[in-house]
Amino acid sequence: LTQNDADLFTRYCSYVWQVPSLACMFLSSSGAIHFVRSQGLTHQHLLHLKALGLVDTGSETQLPIENEPVTLLYHGRTLKIRRKDAEPPVQWRKRKLVESWILTDVGNELYTISGAEPNEHFYQAFVESLKDDELESVN
């Protein structure tokens with residue numbers, strides 16, 4: 001990796017959520033996308049990190065959110081989210097797929113030593129955008 005690649009990856013890691021028992025990933029919620037773009041992290045940057053083998057995307061990297069809350073960790077901070085319509089009575093199981101860019105095995109190893117700091121404005125933008133994505137916080 002070049003220094004520029006390392007700096008880009010560290011910036012990216014500031015926006016990464018951990019999903020216990022799954023992986024570290026960037027969740028493409030409406031608020032998250034808008035915020036990171038305003039911070040200069042573009043789709044081209046994500047494609048570059050993918051070419052480096054640090055992140056991946058595709059149908060297998062989608063996060064399914066059903067009736068039961070999903071626990072997310074953002075740099076040690078816990079957030080539980082679920083579909084807005086998850087309260088009983090629910091006639092059938094509904095599933096919401098949230099697009100994501102998942103860290104590869106190499107990306108996960110580098111994440112732990114990246115030195116990435118959480119971004120409070122990003123966290124708030126993500127939480128505030130949940131309603132736009134038919135999700136809600138249940139903390």
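Visitor: Which residue forms a salt bridge with R82, and how far apart are the closest N and O atoms?
Guide: R82 pairs with E136, and their closest N and O atoms are 2.8 Å apart. A salt bridge here is a side-chain nitrogen of Lys or Arg within 4 Å of a carboxyl oxygen of Asp or Glu.

Visitor: Which strands do R82 and E136 lie in?
Guide: R82 lies in strand β6, and E136 in strand β9 (residues 135-137), so this pair ties together parts that are 54 residues apart in sequence. Helices (H or I, at least four residues) and strands (E, at least two) are DSSP runs, numbered from the N terminus.

Visitor: Before we go on, what kind of model is this?
Guide: This is a predicted model: local features need pLDDT of at least 70, side-chain atom pairs count only at pLDDT 80 or more, and totals for chains, interfaces and linings use all residues. Residues are numbered from 1 along each chain as its sequence is written, and side-chain values use heavy atoms, with hydrogens and water left out.

Visitor: Back to that pair. Is R82 buried or exposed?
Guide: R82 is buried, at 15% relative accessible area. Buried means under 20% relative accessible area, exposed means over 50%, and partly exposed is in between (1.4 Å probe, protein chains only).

Visitor: How many salt bridges does the count come to?
Guide: Three. One of them joins E120 and R77, with the closest N and O atoms 2.5 Å apart. E120 is in helix α5 (residues 120-129) and R77 in strand β6 (residues 77-83), so the bridge ties together parts 43 residues apart in sequence. E120 is partly exposed at 41%, and R77 is partly exposed at 34%.

Visitor: And which residue does D56 bridge to?
Guide: K50, with the closest N and O atoms 3.7 Å apart. D56 is partly exposed at 27% relative accessible area. K50 is partly exposed too, at 35%.

Visitor: Let's zoom out. How many helices and strands are there?
Guide: Five helices and nine strands. Along the sequence the pattern reads α-β-β-α-α-β-β-β-β-β-β-α-α-β. The chain has 139 residues, and buried ones make up 42% of them.

Visitor: What about the nonpolar core: how many residues are in the largest one?
Guide: The largest core has 37 residues. A nonpolar core is a set of buried Ala, Val, Leu, Ile, Met, Phe, Trp, Tyr and Cys residues joined through side-chain atoms within 4.5 Å. Y12, W17, F26, L72, L103, F122 and F126 have the most contacts inside it.

Visitor: Pick F126. Which residues is F126 in contact with?
Guide: Leaving aside neighbours within four places in sequence, F126 touches W17, L27, S29, A32, L72 and L79. Contact means heavy atoms within 4.5 Å.

Visitor: And F26, where is its place?
Guide: F26 sits in strand β2 (residues 23-27). F26 is buried, at 2% relative accessible area. F26 and Y12 are 14 residues apart in sequence and 8.2 Å apart in space, C-alpha to C-alpha.

Visitor: New topic: helices. At what angle do α1 and α3 pack?
Guide: Helix α1 (residues 3-13) and helix α3 (residues 43-51) pack at about 115°, with axes 11 Å apart. They are therefore roughly perpendicular to each other. Residues making the contact include L8 and F9 of α1 and H45 and L49 of α3.

Visitor: How are those axes and angles defined?
Guide: Axes are lines fitted to C-alpha atoms, for helices over the stretch in contact, and angles run from 0 to 180 degrees between N-to-C directions. Under 35 degrees counts as roughly parallel, over 145 as roughly antiparallel, 65 to 115 as roughly perpendicular and the rest as oblique.

Visitor: How do α2 and α5 cross?
Guide: The axes of helix α2 (residues 30-38) and α5 come within 7 Å and cross at roughly 150°. The contact residues include A32 and F35 of α2, plus F122 and F126 of α5.

Visitor: Last one: what is phi of H75 near?
Guide: Phi of H75 is near 50°, a positive value in a residue other than glycine. Most residues other than glycine have a negative phi. H75 is found in the loop between β5 (70-74) and β6, and H75 is partly exposed at 25% relative accessibility.
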